[in-house]
Amino acid sequence: MATAVITPERENYLNQEYGIKSWLLTVDHKRIALLYLVSITFFFFIGGFFALLIRLELLTPAGDLVQADTYNKLFTMHGQVMIFFFLIPSIPAVLGNFLVPLMIGAKDLAFPRINLLSWYLYIIAGVLMLHCICTGGVDTGWTFYTPFSTAFSNTKVVEAGVAIFIAGFSSILTGLNFVVTIHRMRAPGMTWSRLPLFIWAHYATSIIQLLGTPVLAITLLLVVFERLFHLGIFDPTRGGDPLLFQHLFWFYSHPAVYIMILPAMAVESEVVACFTRKRIFGYHFVAMSSIAIAVFGFLVWAHHMFVAGISLYSALIFSALSYLVAVPSAIKVFNWTATMYKGSITFTTPMLYAFGFIGLFTMGGLTGLFLAALGIDVHVTDTYFIIAHFHYIMVGGAVMGYLGGLHFWWPKISGRMYPEWLGKFAALIVFLGFNLTFFPQFILGYMGMPRRYWQYPPEFQVLNVLSTAGSTILAVGYVLPMVYFLWSMRYGKIADDNPWGAAGLEWQTTSPPPTFNFDVPPVVTWEAYNYDQIPAPAEEVSVER
Amino acid sequence: MSDSPAALERHDQHRPHGPELLHHFSSAQQQRDAASLGMWLFLGTEIMFFGGMFLAYLIYRLWYFNEFAAGSRSLDITLGTVNTIVLICSSLTVALGVRAAQMGKRKLLVILLLLTLIFGLAFLGIKGVEWYAKYKEHHIPGASFDAGDLIRDYPQIHIDPAHAQIYFSLYFAMTGLHALHMIIGVGLFTYLLYHSMKGRYGPEYYTPIEMGGLYWHFVDVVWIYLFPLLYLIDRKPLG
């Protein structure tokens, strides 16, 4: 380590060029990943701000902090910002962008300029969304249900719809880039069965983005047309069918859940293998389960509509198909657990997030089975049980995966180590804060507290106070990593090329990598996760508190 | 200590020759394959995009067949047929253009691209005439929509004006988004024409012509579906 500090820094993608233009006009996938990192972090805190206001309102039973209308806008914009401007792009656009070419031994994504275009589309969409928020916002709920959104709401539905339409294009272009890159840009010897599971999961995610997002695009466009020109397509008083809207909307928005969770599973496989120092148990099953989730994900959308008036027979079929999604998800969870069995486990920060992910995702997934059962679903539809369920998947699953991945690859991204003890501390805070926030909501929902109301009967207050308290702890857990990541960029310890002793091509190049990723184009002659051939990391990293 | 010039040199050694090969591809073949797969995937997303409207069409046509049939009859079948032929001709000139580029016949390529553009603009012009006729007949959905003429013309079937408006909503949404794709195609082919006139495309490098052609054919195929679905719903004389 001493020599690394004395010698001048190698040229890498961060210091090869300077100035604002070198960033805004870059076509380097690693720099674009950082552009995304900054922008989605911004939107994450905007969405988080709305969440805190929601929790603050629910601290007391009376609707005393905001008006009912304002509350409707708060939960709508919390959902829209978090889903379309944070969760959907989070892992794919940041970690995927950075790592997909590195992991398969390519110099860049197949279409670097389209990659930059997708970031600009995201920014245009984001600016539009911010403008919409600042000039009045939307109150339809993130789902834009018709005919409320098309005929009754007096808020900026058109603007929000157009913003999400554009953000969708950004997402499509990222997915398209990944699929082409994975098919066409692999290094010699990098066969499909040697691909890291990170790549398999991103491949499955991209397929969903390609097939699902255009349907959301046309749905939102029809909502916008209907609102502007009063077409009547979704308006029951004029012969239109609101259920058609729901079918079209959920055809994208259910698979979108897998756009959020599959990349977190991608991170999970890499982290678990590295910190147990074993090959992933059942590699082919884990790889194929990603594809299976992508396929099944397109067959279950109507389980969001069990109480909307669809026929009992189609409800039965969608219920049965929804159970099917549990199979590939369980394959993943069991195989990660089996990988840990008799592994030599190191409790680093990314590994703590990985443990958190497995536990919370399992809870979120199992409560998903409750909801796939028609009887229970009818009982808890539109209650806090649903809220708790999908936050266990999206926050407990996707955000945990994102934070874990960010810690794991931070040495590669920045060339610096983050403070490990602070990382562990933050991971613990996030885990505790998360459970305190959302576990009481399961109970609240089961007791019958409905979602989307700004006031509630006094008997629900204790659990709501717990939840609000948890959300403030969670907020601390999210601010901490941002602070120490920024700190580490200047003051962090210089990172080795492979500080974790991890397998994978991305660790064989320098930290941070050069602009073209590899000084010598790699040739792959080994299977993924060949941990029996890789020395464990130097003591100073693994033992450090 | 900086070893990057050396690294860049090594990087350059791996770079086969040809001015059109981008730095991150190892061969022209790889670059062409990537572009081709990317374009096909993009067209796949386009199918899903139009698919949402085709689904809406399917449902409402089953529910409101009378109104759809009457609305369909009010379209000008002659102009619709002419437009279909115009588009098929443009697809032929595109296909021949790709061939011309592959064979290195640069002059022929320019002529064929020019013909394609003319066909494309002719299609848009005819479409505009048709839309204007609909505007005159108050068939554009919205406040001034009026299906009175349909009710008068077809007294033997029951026509609900709201349901007729759904037909025309889908007609304008589908042909409108198709026309938007045509306009993008015209822009694309203007770009290709400009670079063909400068002699950029030949047997070694014709990927943009091929990709532009794929897009053009796709937009064509969408019309091939739209024409029978919108114009030919029920043209037999009402009994």
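Let's start with helix 11 of chain A. Its buried residues are covered by, among others, helix 9, helix 10 and helix 12 of chain A. This is a predicted model, so keep that in mind throughout. Which residues of helix 11 of chain A are buried? They are Tyr283(A), Val286(A), Ala287(A), Ser289(A), Ser290(A), Ile293(A), Ala294(A), Phe296(A) and Gly297(A). Now its length. Helix 11 runs over residues 283-297 of chain A.

Next, two of the covering helices, taken as a pair. Helix 12 of chain A covers residues 312-340, and its axis comes within 9 Å of the axis of helix 10 of chain A. The two axes cross at roughly 15 degrees. Helix 10 and helix 12 of chain A are therefore roughly parallel to each other. Their crossing is left-handed. From helix 10 of chain A, the contact uses Met265(A), Glu268(A), Val272(A), Ala273(A) and Thr276(A). From helix 12 of chain A come Lys332(A), Trp336(A), Thr339(A) and Met340(A). By class, that contact divides into five nonpolar, two polar and two charged residues.

Now another pair in chain A. Helix 6, residues 112-134, packs with helix 8 of chain A at an angle of about 160 degrees, and the axes are 8 Å apart. That angle makes helix 6 of chain A roughly antiparallel to helix 8 of chain A. This crossing, too, is left-handed. Helix 6 of chain A brings residues including Ile114(A), Asn115(A), Leu121(A), Tyr122(A) and Met129(A). Helix 8 of chain A brings, among them, Glu159(A), Ile166(A), Phe169(A), Leu173(A) and Asn177(A). The class count for this contact is 16 nonpolar, five polar and one charged.

One residue deserves a stop. His29(A) sits in helix 3 of chain A, which spans residues 29-57. His29(A) is then in contact with Asn97(A), Phe98(A), Pro101(A), Asp108(A), Leu109(A), Pro112(A) and Asn115(A). Asn115(A) also belongs to the contact of helix 6 with helix 8 of chain A. As for Tyr13(A), it is 16 residues from His29(A) along the chain, and their C-alpha atoms are 9.9 Å apart.

On to the place where the chains meet. The contact takes 41 residues from chain A and 35 from chain B. On chain A, helix 8 (157-184), helix 9 (197-229) and helix 10 (242-276) each supply at least two residues of the side touching chain B. Which helix of chain A gives the most to that side? Helix 9 of chain A does, with 10 residues. By class, this side of chain A has 26 nonpolar, seven polar and eight charged residues.

Last, helix 4 of chain B. It covers residues 77-103, 27 residues in total. Its first and last C-alpha atoms are 39 Å apart, close to the 39 Å expected at 1.5 Å a residue. Its buried residues include Gly80(B), Asn83(B), Leu87(B), Ser90(B), Thr93(B) and Val94(B). What do the buried residues of helix 4 of chain B pack against? Helix 5 (106-136) and helix 8 (207-231), both of chain B. After helix 4 of chain B comes Gly104(B), with a positive phi near 80 degrees.

Notes. Residues numbered from 1 in each chain as written. Chains lettered and ligands numbered in written order. Predicted model: local features only at pLDDT ≥ 70, side-chain atom pairs only at ≥ 80, totals over all residues. Helix = DSSP H or I, 4+ residues; strand = E, 2+ residues; numbered from the N terminus. Expected span 1.5 Å × (residues − 1). Buried ≥ 20, exposed ≤ 12 C-beta atoms within 10 Å, placed from the backbone. Contact = placed C-beta atoms within 7 Å. Nonpolar A, V, L, I, M, F, W, Y, C, P; charged D, E, K, R; others polar. Axes fitted to C-alpha atoms, helices over the stretch in contact; angles between N-to-C directions. Parallel < 35°, antiparallel > 145°, perpendicular 65-115°, else oblique. Left-handed = near helix turned anticlockwise from the far one by under 90°. Lists of a residue's contacts leave out its neighbours within four places in sequence.
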